[in-house]
Amino acid sequence: MSARMLPVPDGLDGMRVDAGLAKLLGLSRTVVAELAESGEIFLDGRPAGKSDRLSAGGLLEVTLPDPASAIEVVAEHVEGMQILHDDDDIVVISKPVGVAVHPSPGWTGPTVVGGLAAAGLRIATSGAAERQGVVHRLDAGTTGVMVVAKSEHAYTVLKRAFKERTVDKGYHAIVQGHPDPTRGTIDAPIDRHPRHDYKFAVVQGGRPSVTHYEVVEAFRAASLAKIKLETGRTHQIRVHFSALKHPCVGDLTYGADPVLARKLGLSRQWLHAKTLGFAHPSDGRWVEFESEYPDDLANALRILQDEN
């Protein structure tokens, strides 16, 4: 266990202890709530509950557990994972549904890094042991194109490119209803949902999040949209379109219609990372990669088109 003393910054004034400390320490609100319940958090010398409010200039004392040992990467063949490009610096893949990018507590399914290891591919050793080489992520339920760094140089260059937003990330989504206007920008801050820790939401004071979209095909009950991400928050597209009252079709977590999802044979959100473009880390030349729709999304799209 290790003890830390932290002054409460002005930006967290009035925030709940669990939300504020999660921001300050990069932990989940669930972990912070458990620390509070165990009596490991003090605010100005008094035990703090998870729902107590922070005051700017106050003094937090937190006793943190020792970091868990690294989660082991298991080399395991990943059914349906395609390698779109492979060179000395990068490997570009098309990720199938139901595959996490890297191991994490509680995840027992296949992973991208495990699949690459099973394919005999060496990836960069930069980053935490279980996510070495990982420079960006897709949700387990989201399919499509992603890049993994193989060299240390590529890892450094690509991490910077994602941070500086010089990467061109193109998604396709089928959303419920018909967004108006048919072309626009959603600029709304995102943070963890105030009541449900497994979800995210548009929250005042959240992290800046910008999504550009254009409807390219309209159906009776839904629309196919091309999307460009300016930022890369967890669940960003799903949260932004849910906030517009046009959730991704099949995305029951964020308010999609289960009847429409069943009709289209969907057990997850209709969301696909279609294209990825970036300056190649070896020589700076612009490269672009594209991933085709997987069968479940292609079939759902066909049903919608046949109804038109």
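Predicted model: local features only at pLDDT ≥ 70, side-chain atom pairs only at ≥ 80, totals over all residues.
Contact here means heavy atoms within 4.5 Å.

**View A. R238, a buried arginine in helix α5.** Let's start with R238, which sits in helix α5, a helix running over residues 236–243. Its relative accessible area is 8%, which is under the 20% cut-off, so R238 counts as buried. The side chain of R238 makes a polar contact with the side chain of D251, at 2.8 Å.

**View B. K150, a buried lysine in the loop between β7 and α4.** Next comes K150, found in the loop that lies between β7 (143–149) and α4 (152–163). Is K150 buried or exposed? With a relative accessible area of 9%, K150 is buried, because buried means under 20%. A polar contact of 2.7 Å joins the side chain of K150 to the side chain of D86. Leaving aside residues up to four places away in sequence, K150 touches D86, D87, D88, D89, I90 and V91, and also L121, R122, I123 and A124.

**View C. Helix α4 and its buried residues.** Now follow the chain into α4, which has twelve residues. From its first C-alpha to its last, α4 reaches 17 Å, close to the 16 Å expected at 1.5 Å a residue. Which residues of α4 are buried? They are A154, Y155, L158, A161 and F162. These residues cover an arc of only 135 degrees around the axis, which means that they lie on the same side of α4. What do the buried residues of α4 pack against? Their partners are the strands β6 (90–95), β7, β8 (168–176) and β14 (271–279). After α4 comes R165, with a positive phi near 65 degrees.

**View D. Helix α1, largely enclosed by the rest of the structure.** Our last stop is α1, which covers residues 17–25. Seven of its nine residues are buried, so α1 is largely enclosed by the rest of the structure. Look for V17, D18, A19, G20, L21, A22 and L25, the buried residues of this helix. What follows α1? The residue is G26, and its phi is positive, near 70 degrees.

How values were computed
Residues numbered from 1 in each chain as written. Heavy atoms only, no water. Helix = DSSP H or I, 4+ residues; strand = E, 2+ residues; numbered from the N terminus. Buried < 20%, exposed > 50% of the residue type's maximum accessible area, 1.4 Å probe, protein only. Polar contact = N/O pair within 3.5 Å; in protein donor to acceptor, adjacent residues only side chain to side chain. Expected span 1.5 Å × (residues − 1). Arc of directions from axis to C-beta.
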